[in-house]
Amino acid sequence: MNTSAASPAESKDSAKGVAWRSLLGRYGTLVALAVLLLVNVLITPNFLQWQTLFVNISQVATIAIVAVGMTLVIATGGIDLSVGAVMALSGALAPLIFGSAFGMANPVIGLMLAIALPLVAAMACGLFNGIMISVLRVQPIIATLILFISGRGIAQVLTNGNLQTFSNPAFSYLGTGRVFGLPFQGWLAVAIAAVAFWLVTRTIHGRHLLAVGGNERAAELSGVPVRRVKIGVYIICAFLSGIAGLVVVAINSASDAARNGNLMELDAIAAAVVGGALLQGGRAPVFGALLGAVIIQLVKYTLLANGIEDEVALIAKAGIIVAAVALQQGRRE
């Protein structure tokens with residue numbers, strides 16, 4: 001006789017617990033966002049002001065842009081630690097190009113090249129990551145660690161480790177422009193998320209991407225071009241990181257290779273996970289990543305606006321990631 005079997009009451013309680021965890025896993029991001037907004041309304045001075053909204057949109061846009069790319073990478077079962085270094089590299093290249101003799105003599109062409117060439121360089125970084133992971137079979141965390149270390153070093157070599165300041169109103173529009181009264185980079189982040197959502201839900205590449213993350217071996221046997229999909233997704237992630245790097249430089253009218261994109265990989269991973277991405281792959285909640293980025297930014301803003309030191313925000317982010325992973329476990333059950 002089995003005496004360890006659960007009673008009907010215990011089974012019912014267990015089922016309720018699983019249901020609650022599943023519910024929190026599905027709507028936990030929205031609940032957390034609502035709680036954060038309510039707390040800020042109650043305790044943060046001047047929270048309900050337009051200037052506060054503009055500041056937060058400016059700060060969150062770059063996290064959101066990179067988090068969208070990171071979500072696509074995570075959906076294939078990978079990870080990209082090089083996004084911050086790619087931001088530093090693209091941000092370092094832009095002022096060098098439009099501030100060069102050719103760029104000064106041909107301002108329009110110089111501006112176009114200052115946007116295009118850094119993005120090409122960023123995509124080359126993504127191609128390197130993709131080949132390392134899909135062709136040479138290097139673990140994603142190791143492959144992207146190479147650029148995590150060397151990418152920022154390359155950026156600092158290009159700039160001799162100096163802070164580059166500049167005055168270029170046309171380029172600075174990326175970071176300071178307004179569309180319908182709201183920061184341009186906020187609209188840019190939403191547009192990028194919409195395109196990524198379309199890519200995932202409406203294209204064959206999106207289905208392949210999720211198939212690779214769900215079961216790579218099965219996807220390969222089904223004829224999915226796994227290598228091409230992986231290379232493509234790392235190129236997309238690097239391209240978006242390059243855009244974020246340009247935006248940060250444009251906001252500050254200065255490029256600091258040592259600080260641009262610093263710890264962005266942690267923010268992007270945290271935003272993706274909080275937004276509902278599963279680290280084992282198979283899901284790409286693009287707009288969830290946007291919400292996750294907003295939560296990460298709001299936590300940081302809440303602490304700073306209430307006089308709490310910036311270092312505490314790192315602990316808070318770690319706590320958020322732990323909570324998000326715990327909710328993911330509940331969702332799987």
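The lining of the largest pocket divides into eleven nonpolar, nine polar and seven charged residues; Ala, Val, Leu, Ile, Met, Phe, Trp, Tyr, Cys and Pro count as nonpolar, Asp, Glu, Lys and Arg as charged, and the others, Gly among them, as polar. The model is predicted: local features need pLDDT of at least 70 and side-chain atom pairs pLDDT 80 or more, while totals for chains, interfaces and linings use all residues. Residues are numbered from 1 along each chain as its sequence is written, and side-chain values use heavy atoms, without hydrogens and water.

Largest pocket
- Its volume is about 830 Å³ (a pocket is an open set of points on a 1 Å grid over the protein atoms alone, where a 1.4 Å probe fits, with protein on both sides within 12 Å along at least five of seven lines; lining residues have an atom within 4 Å of a point).
- Of the 27 lining residues, Gln59, Arg259, Gly261, Asn262 and Lys300 are the closest to the centre of the largest pocket.
- H14 provides the largest share of this lining, five residues (helices are DSSP runs of H or I with at least four residues, numbered from the N terminus).

Second largest pocket
- The second largest pocket holds about 510 Å³ of space.
- Its lining has 18 nonpolar, five polar and no charged residues.
- H2 gives the most to this lining, with eight residues.

Helix H1
- Val39 lies in helix H1 (residues 8-43).
- Val39 counts as partly exposed because its relative accessibility is 31% (partly exposed lies between buried, under 20% relative accessible area, and exposed, over 50%, with a 1.4 Å probe and protein chains only).

Notes: Helix = DSSP H or I, 4+ residues; strand = E, 2+ residues; numbered from the N terminus. Points joined across faces, edges and corners; volume = space filled by probe spheres on them.
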